[in-house]
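This note is written for a colleague meeting the structure for the first time. Please read the numbered points with the sequence and the model side by side.

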Amino acid sequence: MADIQRYPFFHHLRGSATAHVRHLRGGRLAHDGRGESFWYRPLAAVISEVPVDDRELPLVVQARTADFQAVAVQATLSYRVTDAGLAADRIDFSVDPGTGAWRGDPLSVVASLLTEMAQQQALDLIAELPLVRALTSTSPLRDRIQEGLAADTRLRGTGLAVVGVRVLAVRPEPDVERALQTPTREAVQQEADRALFQRRAVAVEKERAISENELQSKIELAVREERLVAQHGQNERRRAEEAAAATAVSTAAEADRERTLAASRSDATRLVGLAEADAEAARLAAYRDVDTGVLTALALRELAGQLPQIGTVSLSPDLLGTVLGGLASQQAAGGR
């Protein structure tokens, strides 16, 4: 929008680099161009401001394919005003001399014009294509719209030019889209299932290999343990045999020693017995000629040596009389 400064009786307009301004005064062209700056009288001035920069126009085209399927085409048009004078003559770009605002909505008119022309081109092409090809052939659709708009005489007569067309998407109805996606989804799911089964098969194979390795390890350990037990038993048997041999040797030596000791004891006992017998015979020979009283005295003395110690002896008159009587009898016998 132009920058307008208001003063008494006169106003001043300052345009921009992207807007073409036309000033008519009394039906005659007073100013015409981009970036214009001038004074004017509001009551006698007719001013038009035409934007000459590139603009984007999004649009949606509802079309039907050759197999009677509804699709929606989402596209964007890039356009510009190539002839501002011609556009100002064909479309109302006039502005309020007091405020600089458009009196109408010229951009909506331009948008409607471009949308209708683009829709016509899209409808003509999609009507010739089946659904699958229409969904996958965005390049022909883009070229058709751009070429059709470039060749349109009405568009050129309005001073407009389309500089680019972008087809963003061609979408069918939701249920048709889901139906078209089903085979691909099923194929993807089947591929995923195949990969899953293959991964499981590989996992099972690896588990089997691990189990076999564990079993082989257990078998190897069992064989080694058996060898260890056999070796341990053999060692124990050898140790027992060695211990038995050592015990036998020790027992034989002990038996020999006992036999030797027994023989020695037997010889010593025999010698002692012979000596005692000789001594007893000598003693008996010595006692053979001794008097009976002396023998009795010696026997009593020997008996007294064998008796326990006697602290006090009580002699009764009867016992004393008997002893004295016996002594008297022995003396009498000895006198005879």
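The points below go from the overall chain to its cores, its surface and its salt bridges.

1. Overall make-up. The model is a predicted one. Its chain contains eight helices and ten strands. Of the 336 residues in the chain, 23% are buried. The chain exposes about 23200 Å², and carbon and sulfur atoms supply 55% of that area. Among contacts with a separation of 6 or more, 64% are between residues 24 or more positions apart.

2. The largest nonpolar core. This core has 39 residues, and the members that touch the most others are Leu77, Leu114, Leu141, Ile145, Leu149 and Leu155. Strands and helices both contribute: two or more residues each come from β7 (55-64), β8 (70-81), α1 (84-90), α2 (106-126), α3 (131-136), α4 (138-150) and β10 (160-172). Helix α2 gives the largest share, with nine residues. To see how one member is placed, consider Leu149: leaving aside neighbours within four places in sequence, Leu149 is in contact with Leu77, Met117, Ala118, Leu155 and Val162.

3. Thr115 in helix α2. Thr115 is found in helix α2. With a relative accessible area of 17%, Thr115 falls under the 20% limit and therefore counts as buried. A polar atom of the Thr115 side chain lies 2.7 Å from the backbone oxygen of Ala111. Beyond its neighbours within four places in sequence, Thr115 is in contact with Leu57 and Leu59.

4. A nonpolar patch on the surface. Tyr7, Phe9, Phe10 and Trp39 form this patch, and together they have about 530 Å² of accessible area. Trp39 belongs to strand β5 (residues 37-40). The relative accessible area of Trp39 is 48%, so Trp39 is classed as partly exposed.

5. Arg22 and Asp89. The whole structure holds 16 salt bridges. In one of them, Asp89 pairs with Arg22, and the closest N and O atoms are 3.1 Å apart. The two residues are 67 residues apart and link distant parts of the chain, with Asp89 in helix α1 and Arg22 in strand β3 (residues 19-25).

6. Arg166 and Glu56. These two residues form a salt bridge in which the closest N and O atoms are 3.2 Å apart. Arg166 is in strand β10 and Glu56 in strand β7, so the bridge ties together parts that are 110 residues apart in sequence. Arg166 is partly exposed, at 41% relative accessibility, and Glu56 is partly exposed as well, at 48%.

7. Arg194 and Glu191. The side chains of this pair meet in a salt bridge, at 2.3 Å from N to O. Why are Arg194 and Glu191 separated by about one helical turn? The reason is that they are three residues apart in helix α6 (residues 174-287). Arg194 is partly exposed, with a relative accessible area of 45%, and Glu191 is also partly exposed, at 40%.

Technical notes:
Residues numbered from 1 in each chain as written. Predicted model: local features only at pLDDT ≥ 70, side-chain atom pairs only at ≥ 80, totals over all residues. Heavy atoms only, no water. Core = buried A, V, L, I, M, F, W, Y, C linked by side-chain atoms within 4.5 Å. Buried < 20%, exposed > 50% of the residue type's maximum accessible area, 1.4 Å probe, protein only. Helix = DSSP H or I, 4+ residues; strand = E, 2+ residues; numbered from the N terminus. Contact = heavy atoms within 4.5 Å. Patch = residues over 30% accessible without salt bridge, like charges linked within 9 Å, V, L, I, M, F, W, Y side chains within 5 Å. Areas by Shrake-Rupley, 256 points an atom, 1.4 Å probe, with all protein chains shown as cover. Salt bridge = Lys/Arg side-chain N within 4 Å of Asp/Glu carboxyl O. Polar contact = N/O pair within 3.5 Å; in protein donor to acceptor, adjacent residues only side chain to side chain.
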